[in-house]
Amino acid sequence: MDNAATTHLSDAAYRVYIDALHNCNGNASSAHSDGFAAFCALSDARERISSMLSCHPEQIIFTSGGSDSDNLAIMSCAAYGEKCGKRHIVASSIEHHAVLEPLRYLESNGFSVSYVVPREDGIVDVNDVISSIREDTAFITVMYANNEIGTIQPIDEIAAECKKRGILFFTDAVQAVGHIEISLDSVNIDMMSMSAHKFHGPKGTGVLYVKDRNLLSPIIRGGMQEQGARAGTENVPAIVAMAAALEDSLKDRDTKNAAVLHMRERLIDGLLQIKGAQLNGSRALRLEGNVNVSIENVGAEQLVLLLDSYGIAVSSGSACTARFPAPSHVLTSIGVDNVLASSSIRLTIDEYNTPDEIEAVIETVKDAVYKIRSVR
Ligand SMILES: *Cc1c(COP(=O)(O)O)cnc(C)c1O
């Protein structure tokens, strides 16, 4: 029940991964046939991923994952802004830390950032984005779907506003890719990040889509891999497995989403039967698999541990910060108070879960909440 933190490797990705680990060991930059085989595997993966996203192969930059892509995008957009004398950025206040921390770094280096707080339902209002734009705004960054509360943002509209004004638009789509179909030929996104391990691919590999490669400023310099955009020998087995995982994820997506949605609605209804429970974020405009609830008078850390002892994996806040308990910046942004924020758990399901599991989880959470409350 923690698929937003990571997902297991799909069978399709596993087979391709193992096969490539055995049979595709060349360095894609080498001139000999071993290297050429790796180069071909890489090109094939690039081609397939671009066709699934409706973009061109040369717009796909392979990276080490979501954090890498986010950093490359933010630093590139900032460098571009700097060249034009623009040092202002508009960002949502509920971005992932892999976006927020590079922004903080830029703030300590002469940039200023306007953080747009979403409405109480966890959706960023396009008008609030527009009213934050200044003469010197270099770029806007709003994530596609939030990793904690699953809310899906009005990306198409924000992208269109950016285009009108000649402002770059970057979106962290790590939670969206593989779950929502994205056609990059019909929306004005300048850069978009994704990560394989969020859609049943291997960890440590991802993509930055970039509409115009001239916008890129490398943060890892060295060899000419990825045409100089990101140095370092490509992890070919992981990359080909990522392509297989994405194909597998997008196959019959509508049917899978319908099944996941059905389970999610049942899960929400079941959990809201608990006294003092509330759902965080819009119920309608959220990822099919995301449930985030606050349960009064129940410490999230305690609940997570108790559920783990019953064999159920859920998250309090987001996994990246779970070891450093502080109220989630996402929950406090949408007006959840600190106490309730520390009483919040996230359950993220996908097509590998079953309706029986959902029923068992509802009963177990109820039982765990009862136990925790009765010993207070
Ligand atoms: C997981 C995640 C990331 C980080 O991706 P990694 O591949 O783990 O570095 C970035 N943004 C969002 C929204 C995420 O969910």
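Phe39 has a relative accessibility of 41%, so Phe39 counts as partly exposed. That value, like the others here, comes from a predicted model.

Stay with Phe39 for a moment. Phe39 lies in helix α2, which spans residues 33–52. Phe36 is in that helix too, three residues away, so about one helical turn separates Phe36 and Phe39. How many aromatic pairs are there? The count comes to one. The pair is Phe36 with Phe39: their ring centres are 6.3 Å apart. Their planes meet at 20 degrees, and planes under 30 degrees apart count as stacked, so this pair is stacked.

Next comes a buried polar residue. Asn188 is placed in the loop that runs between β5 (168–172) and β6 (191–195). Its relative accessibility is 12%, and buried means under 20%, so Asn188 counts as buried. What does the side chain of Asn188 reach with its polar atoms? Another is the side chain of Lys211, joined to the side chain of Asn188 by a polar contact of 2.4 Å. Setting aside neighbours within four places in sequence, Asn188 is in contact with Ala159, Lys163, Phe169 and Lys211.

Now turn to a charged residue. Glu234 is found in the loop between β7 (206–210) and α7 (236–250). Glu234 is buried, yet has no salt bridge. Which side chain of opposite charge is nearest to Glu234? It is Arg46, 5.2 Å away. A salt bridge needs a side-chain nitrogen within 4 Å of a carboxyl oxygen. With neighbours within four places in sequence left aside, the contacts of Glu234 are Ala28, Leu42, Gln225, Glu226 and Ile239.

The last stop is Tyr17. Tyr17 belongs to helix α1, residues 11–23. In sequence, Tyr17 and Met242 are 225 residues apart. In space, their C-alpha atoms are 8.6 Å apart. Which residues does Tyr17 touch, not counting those up to four places away in sequence? They are Leu9, Pro202, Pro237, Ala238 and Ala241.

Terms used. Residues numbered from 1 in each chain as written. Predicted model: local features only at pLDDT ≥ 70, side-chain atom pairs only at ≥ 80, totals over all residues. Heavy atoms only, no water. Helix = DSSP H or I, 4+ residues; strand = E, 2+ residues; numbered from the N terminus. Buried < 20%, exposed > 50% of the residue type's maximum accessible area, 1.4 Å probe, protein only. Lys, Arg positive; Asp, Glu negative; His and termini not counted. Contact = heavy atoms within 4.5 Å. Phe/Tyr/Trp six-rings, centres within 6.5 Å; stacked < 30°, edge-to-face > 60°. Polar contact = N/O pair within 3.5 Å; in protein donor to acceptor, adjacent residues only side chain to side chain.
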